[in-house]
Amino acid sequence: MKMQMKMKSNGHVTDLKTLNDLPTPPGFPLVGNMLRLDSSERHHLLDEWVGEYGSMYRFRQGPKKNIVVITDADLQNEVLLERPGRFRRMSTIETVFDEMGIGCVFSAEGDYWRAQRKVVNQMLGLKYQRLFLPTLTHHVTRLQAHWEKAAEQNLAVDVHHDLLRISLDVIVAFIFGQDINSRQNRGEEIHQLLGDIFVTLSRRIHSITPYWRYVKLPVDREVVGTVSQMVAILHEFVAVARQRMSDQPELAEKPTNYLEAILAEKDETDRPKYSDKEIVGNVLIMLLAGEDAIADVLTWTMYNICAYPEIQQKLQEEVAAAQEIEPNLETMEAIDALKFTDAVVSETLRMHPADHALFMETDEDVELGGYLIPKGTVIFLLIRFSMQDDDNFGLGTEFHPERWLAARNCPFHGAHNRKAFVPFGNGPRGCPGRTLSYLEMKRIVAMICHNFDIQFADGPPTMTEEWGILMTPRGLSVRFTRRQPVEEGVLAAVSAK
Ligand code: HEM
């Protein structure tokens, strides 16, 4: 029997269905549906249930907790855009980050989020990206040097491994203005620590019960040390930046990176606006976001370039044309000329966004899609499902970068619902790193296509993905063949290693 509720919305009285009216897979009394969902393969099951229960369904985590799953693009956008307000990020994220002592712009809500987000927006803007282009060339050339060596020895390369390291170097350079070189000790140490923190965050965010508050497993004891080690390293970066700002006071007016900008923020009594703890948390989230998400998406981009040789050739032609504007691609004009490269990255993000789902929560009792959803209900937005849905993007499970070049609906591939394209989320809490990510990914793809022909090392691989916070791709191994004689500078970088 359907239960009808009445609620005032915009002054009108509306009949609404309740959570109990949403279709749901059968579960068990105490654990609900969690027995089937407790694995890194759960994304397949959530997608499968869409086929059985429709574009809005619920499942149960434990005896009482309902989680609503949504694939409809309009409803997804309603949730994303009405933050802060009717919706928020899933509150478990805030609790887990805070408990680990790394609360930040990603996990926080309210005034603290607003203030942090202002600084983040300012520092991730185009002005700083433009200034960053020569540094980006430096890092990309180092990766090129590494792959030149692999080409020379005809080695099969685990590119995800290398991409994680360059992404970390790039984001550290952008945020701190320092070169950690992940192929050497310090970078590798930071990479390992971040990896361990990421795993714990993901495990705790998806755990049915917060067991670590009552029983500490060895892994929970270890992570305390891991976080302190990471925090100690970040404090060193903060100390270096403080010293630099004391030596060059003009940096307070014209900061050159995120760390300087946040250190320069003052409250009304002219004291530092943010504590070191707050600064460290916010820097840490940028490192986590900047390293893994970019490496994951670039891995799939390289997969696609190997899988479609005709696309690889088109990219090679495009980068040659862009280099006529500026040989090192160190101007935004040259980067902007990489239109097809942009389309390849967008198409990869559509099919393989770093997030399978975005985790939200109602921040008040809300009406959504005709249902009354009580405050505190968790909502999973299955964004990958929607981005591959034929109703939003024609031939949605096929890779067609050209669809991004058409002005409106693609004449060849049908539907092209840009509103459904949300690999970076949307609205005030959408990803502030979006343009920096495109810049970095395009620059790396351009380097690859200028210098190498790439192919799968041992034929098309069977790729798998692990769902933690992000979707980590596994199984890609690539062989590089030189297209260009190696330049002198690159050779020097190779022999210096
Ligand atoms: C391919 C690369 C990336 C992808 C796919 C990605 C994706 C996302 C997504 C889906 C969100 C949640 C958005 C929402 O709730 O609407 C997000 C948030 C965020 N991202 Fe990214 N991201 C990427 C790179 C970066 C980079 C490079 C940075 C920083 C340098 C960054 C910093 C952040 C921050 C700080 C937030 C939290 C924003 C807030 O809550 O206000 N991301 N990202």
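**Helix crossing, ligand shell and sheet**

Reader: Happy to dig in! At what angle do the axes of H7 and H11 cross, and how are the two helices oriented to each other?

Author: Helix H7 (residues 159-176) and H11 have axes that come within 8 Å and cross at roughly 140 degrees. Axes here are lines fitted to C-alpha atoms, for helices over the stretch in contact, with angles from 0 to 180 degrees between N-to-C directions; helices (H or I, at least four residues) and strands (E, at least two) are DSSP runs numbered from the N terminus. Angles under 35 degrees count as roughly parallel, over 145 as roughly antiparallel, 65 to 115 as roughly perpendicular and the rest as oblique. H7 and H11 are therefore oblique.

Reader: Thanks! What should I know about the numbering and the model?

Author: Residues are numbered from 1 along each chain as its sequence is written. The model is predicted: local features need pLDDT of at least 70, side-chain atom pairs count only at pLDDT 80 or more, and totals for chains, interfaces and linings use all residues.

Reader: Which helix gives the most residues to the shell around the ligand?

Author: Good one! The ligand is surrounded by 29 residues (C-beta, placed from the backbone, within 6 Å). Elements giving two or more of them are helix H5 (110-123), helix H11 (276-307) and helix H16 (434-451). The top contributor, with seven residues, is H11.

Reader: And which residue of S10 is the bridge partner of valine 69?

Author: Strand S4 (residues 65-70) runs parallel to strand S10 (residues 378-381), joined by four bridges. The partner of valine 69 in S10 is phenylalanine 380.

Notes
Two strands pair if DSSP finds at least two bridges between them.
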